[in-house]
Amino acid sequence: MPAKLSVNLNAIAMLRNRRDLPWPDVARFGRLALEAGASGLTVHPRPDQRHIRFTDLPVLRALIDDDFPHAEFNIEGYPTEDFLVLCEKTEPEQVTLVPDDPSQATSDHGWDFRKHKAFLSDTVARLKSKGMRVSLFADGDGDADAVAVARETGADRIELYTGPYGGCFDNPEKAAREIDLLGRTADAALACGLAVNAGHDLTVANLPALMKRIPGLAEVSIGHGLTADALEYGMGETVRRFRRACGQAV
């Protein structure tokens, strides 16, 4: 099965927040993405609200519920109490837990599952008790034992951090090594019953090779590269291009 595409709206929101004006309209671009066949929307509401604002969440929730009931809302972030309460109020279909420091510009590493197993287990149980699927951000380093610990937390999925792979856009040999590591991590996850998502610096150019190595990939969450392409091709056509890169018939 081709991977589903969840469009990350953070970059759209960051552009909006450069001015005290209501455009670009985050919900409008979310609608355009879903109309073009995206399977869902992703946001990462950080404490400083430098891109997605807390007030965006009910608007996007209503957009999906009212007009795109088969789409999914994915909220990602570090599981502070405030973040967990935000998720409980918004009721996304999926919560992706990332080990970010609030001051980080963007996510840049996965969880240390051994160190944080108890913390993650409690958090996963809390979110799943409310009916949310839980994915844990994971380094694609081929560490099968770490993936097994991730499974023991009760999580449903891992999301492979693909930043190192995305950074190899001008180095095919290094990209091949990164794909091998990501693939081995995915193999271990699938073997122990975890579904696999992926995200960070994925593009139309580098998605097909990733899909070929991990044909069981469930979902990709893409924001930066997709938003950059949308400046050239428009949001609708960009979503269709990324869907094709995921192996979808468009």
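Predicted model: local features only at pLDDT ≥ 70, side-chain atom pairs only at ≥ 80, totals over all residues.
Local features were taken at pLDDT of at least 70 and side-chain atom pairs at pLDDT 80 or more, while totals for chains, interfaces and linings use all residues. Residues are numbered from 1 along each chain as its sequence is written, and side-chain values use heavy atoms, without hydrogens and water.

Contact means heavy atoms within 4.5 Å. Helices (H or I, at least four residues) and strands (E, at least two) are DSSP runs, numbered from the N terminus.

Strand 7 spans residues 195-199. Four of its five residues are buried, a term for under 20% relative accessible area, with exposed over 50% and partly exposed in between (1.4 Å probe, protein chains only). Two strands are paired if DSSP finds at least two bridges between them. Strand 6 (residues 157-161) and strand 7 run parallel and are joined by five bridges. Within this pairing, E159 stands opposite N197, and Y161 has G199 as its bridge partner. On to strand 8 (residues 219-222), strand 7 makes three bridges, again parallel. Here N197 stands opposite E219, and A198 is partnered by V220. Strand 7, helix 9 (residues 207-213) and strand 8 form a right-handed β-α-β unit. Right-handed means that, with the strands pointing away from the viewer, the path from the first strand over the helix to the second runs clockwise.

Strand 8 is covered on both faces. E219 and S221 are buried on one side, V220 and I222 on the other. In a regular strand, side chains alternate between the two faces of the sheet. Four bridges join strand 8 to strand 1, and the two run parallel. L5 has V220 as its bridge partner in strand 8.

The peptide bond from W23 to P24 is cis, with omega near 0°. D25 caps the N-terminal end of helix 2. A side-chain oxygen of D25 lies 3.0 Å from the backbone nitrogen of A27. The buried residues of helix 2 are V26, A27, G30, A33 and L34. They line one face of the helix, because they fall within an arc of 115° when seen down the axis of helix 2. The arc is that of the directions from the helix axis to the C-beta atoms. These buried residues pack against strand 1 (4-8), helix 1, strand 2, helix 3 and helix 11 (235-245). After helix 2 comes G37, with a positive phi near 105°.

I12 lies in helix 1. This residue counts as buried, because its relative accessibility is 6%. I12 touches P24, V26, F29, T227 and M235, leaving aside residues up to four places away in sequence. The C-alpha atoms of I12 and E91 are separated by 22 Å, and the two residues are 79 residues apart along the chain.

Two residues other than glycine have positive phi values and are described next. Most residues other than glycine have a negative phi, and most peptide bonds are trans. Q49 has a phi of about 55°. Q49 sits in the loop between strand 2 (40-43) and helix 3 (56-67). At 28% relative accessibility, Q49 counts as partly exposed. H200 has a phi near 120°. H200 lies in the loop between strand 7 and helix 9. H200 counts as buried, because its relative accessibility is 18%.

Methods. Polar contact = N/O pair within 3.5 Å; in protein donor to acceptor, adjacent residues only side chain to side chain.
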